[in-house]
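Keep the structure open while reading.

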Amino acid sequence: MPRMLHSSVEPLRGSPVRNTSDRVMGSLRERMSGPSRQTLSVTPRVPSRRVFPGTPGLEDSLEWVRYTPCRPTMQLPRELFVNLVSLSSTSHVPLDGLLVGMLRAELSPEAVRALLASTRERLGNALLRPEGVDDGGWLVEEQVLYPSRLPWRMTLVRGASRRWVEVPPGVMPLVAHFLRQVAHEPDARRVQALWPFDDASWELWRDVTPTAPSRWSVPDGPGIYRREHASLLIRSRTTSILVDPLGLHRRMPSMTAAPTELPPEDLGAVVITHGHGDHWHLPSLLAQVASARTPVIVPRVSRVSLLTPMDFVESLEACGQSALAPAWGDTVRIGDIDIDVLPFHGEQPSREGPPLDGHLRNWGNCYRFTTEDFSCLLLVDGGADPWGDMEDVLAASCARRGPVDVLLACQREFKAPFFGGLGSYWAALPWGRLQALYRDHQQGTLGSVTAGASGAVKLCERAQARYFLPYANGFERPGQPITDIGWGLGEPSEADRNAFMRDALARQSLSTQVLDWCPGDVARFERGALTLTPGRQGAPK
């Protein structure tokens, strides 16, 4: 039987839940005062000079923190990109560029060997293995497959200006606090007072002013609220769960059109599906939570690798943010919502063939949400891989819970490892396997690691879904249909893929209804039937 984990009680003995607010945030919490628990705010009690990383004064800066309510307003220029990441020790290896070169050479052994040798010489290290072409093994050293992590770095890019600063572990909670306040503090001067670095790095934040009103629909009842790309708000009668927030990832196409003023919602939890950049962006996540105590449900990572270059729990722990890492098959109850944590199969280096090392995979979760009014299942970018197939996962979910009301999935096809969006995946495969997959690619028989629209039809049947809603197909702006599910790469529109699915379902006499909706729209159940309501957000600035 699946284990039930309750967010409102102490973690069950033996459960993988880790409440991560106990280290740095322990001393921080002792200094909090005031009755409100809506968000963090700061009252300066030290000179106006910002705290420099690694210098005395950090502990004094923790004295600033107390809880006070704030009006939700985004203090972030639309053209500013901010990131907070711990890079890998091998991030300088140009894996994407090497894939391009190998494809141009049509994976000719001589050309690939020469390309790897010349790149290794240029890098001045032994991270690449040209000899893999001769012995049929990997083309990279184990250090690339399982890299070590470098210190945390905060990066700011605005136009042609770029700044980055290394963030010591003890400063990470302050950075996380700053990012929460950027999203909620209406006074730009107070935001600047929270900046924990020097004045030079603050320059990119200059001229920060509250944006024009532009927000997603305020959750006013049970339903599925569609947001940017793969982000959804699952709302029950009492609880809101946010999935894969991405609103501050300004390097993703059209993301500057995403609303920046947050609705006045009290999240029960945030849920993360996997670590790809269009699903996991730490600044976006932190900007959405009003408290370090808000639990973030994340995939369990057995070992950091090329395919999962971060441990989600450790990353959130560094920020002082509460995190839960349940196992596949567990159920977490948040408020009045049951969240079944399901295996994530698909979006791996290959669809078929011998499995890789058990640690070397893109770790992720699919989720089934059950409320009093409806159930929905997020397939994310799922499909099939050498470890399993989402068809079997959905069949097992239905055997346990019954048919699902709504199935949501991405409709793109990823022909890994030669899909440009996954440009490092080839390095996880030995040369012999890479050659075999390339032959399939040339013959047009290489399968997609994601379900795509055709696979989603089969999954609707397995889930016995009443409705199908597309999502994670990109973003253009609120209220705008997705005209290219490839985010500008010339792929079909979401409407085209929906029409394809309707035809395929009709030919198989399947009753699943495929509905068209836009970011900002809300799917609700009224008298047992799903209805779509256009979003009521303001126009982006």
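Helix α12 (residues 390-401) packs against α14 with an angle of about 20 degrees, and the two axes are 8 Å apart. Angles under 35 degrees count as roughly parallel, so α12 is roughly parallel to α14. The model is predicted.

**α12 against α14**

- The crossing of α12 past α14 is right-handed.
- From α12, the contact draws on M390, E391, D392, L394, A395 and C398.
- From α14, the partners are K458, L459, R462 and A463.
- By class, this contact of α12 with α14 holds six nonpolar and four charged residues, with no polar ones.

**α14 against α15**

- Helix α14 spans residues 452-463 and helix α15 spans residues 494-507.
- Their axes lie 9 Å apart, at an angle of about 45 degrees.
- That angle makes α14 oblique to α15.
- α14 passes α15 in a crossing that is right-handed.
- On the α14 side, A453, S454, A456, V457 and C460 make the contact.
- On the α15 side, the residues are R497, F500, M501, A504 and L505.
- Eight nonpolar residues, one polar and one charged make up the contact of α14 with α15.

**Q411**

- Q411 sits in the loop between β19 (406-409) and α13 (431-443).
- Is Q411 buried or exposed? Its relative accessibility is 2%, and buried means under 20%, so Q411 counts as buried.
- The side chains of Q411 and N498 make a polar contact at 2.9 Å.
- Beyond four places in sequence, Q411 touches G452, A453, F468, P470, N473, I485, E494, R497, N498 and M501.
- Among these Q411 neighbours are A453, R497 and M501, which also take part in the contact between α14 and α15.

**S350**

- Where is S350? S350 lies in the loop between β14 (337-343) and β15 (365-370).
- S350 has 5% relative accessibility and therefore counts as buried.
- A polar atom of the S350 side chain lies 3.1 Å from the backbone oxygen of E352.
- With neighbours within four places in sequence left aside, S350 is in contact with D385, P386, L429, R433, L437 and V449.

Definitions and conventions:
Residues are numbered from 1 along each chain as its sequence is written. This is a predicted model: local features need pLDDT of at least 70, side-chain atom pairs count only at pLDDT 80 or more; totals for chains, interfaces and linings use all residues. Side-chain values use heavy atoms; hydrogens and water are left out. Axes are lines fitted to C-alpha atoms, for helices over the stretch in contact, and angles run from 0 to 180 degrees between N-to-C directions. Helices (H or I, at least four residues) and strands (E, at least two) are DSSP runs, numbered from the N terminus. Angles under 35 degrees count as roughly parallel, over 145 as roughly antiparallel, 65 to 115 as roughly perpendicular and the rest as oblique. A crossing is left-handed if the near helix is turned anticlockwise from the far one by less than a right angle, and right-handed if clockwise. Contact means heavy atoms within 4.5 Å. Ala, Val, Leu, Ile, Met, Phe, Trp, Tyr, Cys and Pro count as nonpolar, Asp, Glu, Lys and Arg as charged, and the others, Gly among them, as polar. Buried means under 20% relative accessible area, exposed over 50%, partly exposed in between (1.4 Å probe, protein chains only). A polar contact is a pair of N or O atoms within 3.5 Å; within protein, one must be able to donate a hydrogen and the other to accept it, and residues adjacent in sequence count only if both atoms are side-chain atoms.
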